[in-house]
Amino acid sequence: MVIVAFVVMQILSSGGYISSMLTGLLVPLCVYSILAVSLNLTVGILGELSLGQAGFMCVGAYTSAIFSIVTSETIENVWIRFPLAILIGGIIAAVFGILIGIPVLRLKGDYLAIVTLAFGEIIKNVFAALYLGYDSKGVHVSLKSLSNLNLEPDGKLILNGPQGISGTPNDSTFIIGAVMLLITLIIAYNFVYSRTGRAVMAIRDNVIAAESVGLNITKYKLVTFALTAFLAGCAGALYSHNFYTLQASKFDYNLSILILVFVVLGGIGSIRGSVIAAIVLVLLPEMLRSINSYRMLIYSIVLIVMMIITSNEKTKTFISANTAKFKALFKREKVKEAE
């Protein structure tokens, strides 16, 4: 399906039948599809509610952008530098996933959701407060202000606190995005149908039974969590190289909720459904801008229809089990905003 869609879009693009608005959405469509597929491994295959996807995406976006900026003069070949940047973004995000997963995966239910949500907010705020630069004396880091970096006049500023990163090479293309999406799908499907994937699904269905036959629960949960973080970091790298500037404020909890919506509406555990839901729900608001008065009405109707069509037993169980958790989370966020 992805290959056919890619070929069709390339033909339409070469013929000039695609608007500039749709052309600008091609890379984000790939990014959100990768994020939805990766989160489905944790929510659908592992059966754990995680809301830290935006945090892992932020780590991958920032680390890959820093790598590309620093090596832009030494590694001039884009086809070498950009894959390395994507790989580094994914690996660093996976490391964060392991570090966070070791204590977090011992929790269950809404406690896990709250902690992963808090992780995403912490990562966002740390990058928003970070100032980073380098000169002949080495690397300078500050969490206070730009003046505290004490850079030399010829020094180079990389991170400028809330203003984020500027000067990231615009290396992301629809071709690279489509290839990354295909690789993500191959990894996801092979993981699901592998011995590890079957063990993870056994843990999802019955933890006590899985543990009784000798499965290492913590190990398999950590592997799934790390793989989810790795793919989210790769998506973040693709996202950051699609813009000249990047701010940490874009990676807030609303983004994590949006990715979770893709997974739920596409069907819990359905890899294909995650991709379809991500594409439809990203494209739809932009396609309906011409009828702005009825845009959200139509969008809501489509959400309801997709929920009815794609719902399965896993989705129904997930929604019924987590409705109270979502209400509690939103209530806490409203109280936090009010304060």
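Student: What angle and axis distance describe the packing of helix H7 (residues 195–205) and helix H9 (residues 217–240)?
Tutor: In this predicted model, H7 and H9 pack at an angle of about 115°, and their axes are 10 Å apart.

Student: Why is H7 called roughly perpendicular to H9?
Tutor: The angle is about 115°. The roughly perpendicular class covers 65 to 115 degrees. Therefore H7 counts as roughly perpendicular to H9.

Student: Which residues make the contact, and what is the hand of the crossing?
Tutor: H7 contributes Thr196, Ala199, Val200 and Ile203. From H9 come Ile217, Tyr220, Lys221, Val223 and Thr224. H7 passes H9 in a left-handed crossing.

Student: Why does Ser50 count as buried?
Tutor: Its relative accessibility is 2%. Buried means under 20%, so Ser50 counts as buried.

Student: Where does Ser50 lie, and what is it in contact with?
Tutor: Ser50 lies in the loop between helix H2 (20–46) and helix H3 (53–71). Leaving aside neighbours within four places in sequence, Ser50 is in contact with Leu39, Thr42, Val43, Thr116 and Phe225.

Student: What makes E1 and E2 a strand pair?
Tutor: Pairing takes at least two bridges. Strand E1 (residues 131–135) and strand E2 (residues 138–142) are joined by 5 bridges, so they pair. The two strands run antiparallel. Tyr131 stands opposite Ser142 in E2. A hairpin of 2 residues joins E1 to E2.

Student: How much helix and strand is there in residues 111–134?
Tutor: That span is 75% helix and 17% strand, with end C-alpha atoms 40 Å apart. An unreviewed UniProt entry annotates residues 111–134 as "transmembrane region".

How values were computed
Residues numbered from 1 in each chain as written. Predicted model: local features only at pLDDT ≥ 70, side-chain atom pairs only at ≥ 80, totals over all residues. Heavy atoms only, no water. Helix = DSSP H or I, 4+ residues; strand = E, 2+ residues; numbered from the N terminus. UniProt positions renumbered as here; feature names shortened; annotations may be inferred. Buried < 20%, exposed > 50% of the residue type's maximum accessible area, 1.4 Å probe, protein only. Contact = heavy atoms within 4.5 Å. Axes fitted to C-alpha atoms, helices over the stretch in contact; angles between N-to-C directions. Parallel < 35°, antiparallel > 145°, perpendicular 65-115°, else oblique. Left-handed = near helix turned anticlockwise from the far one by under 90°.
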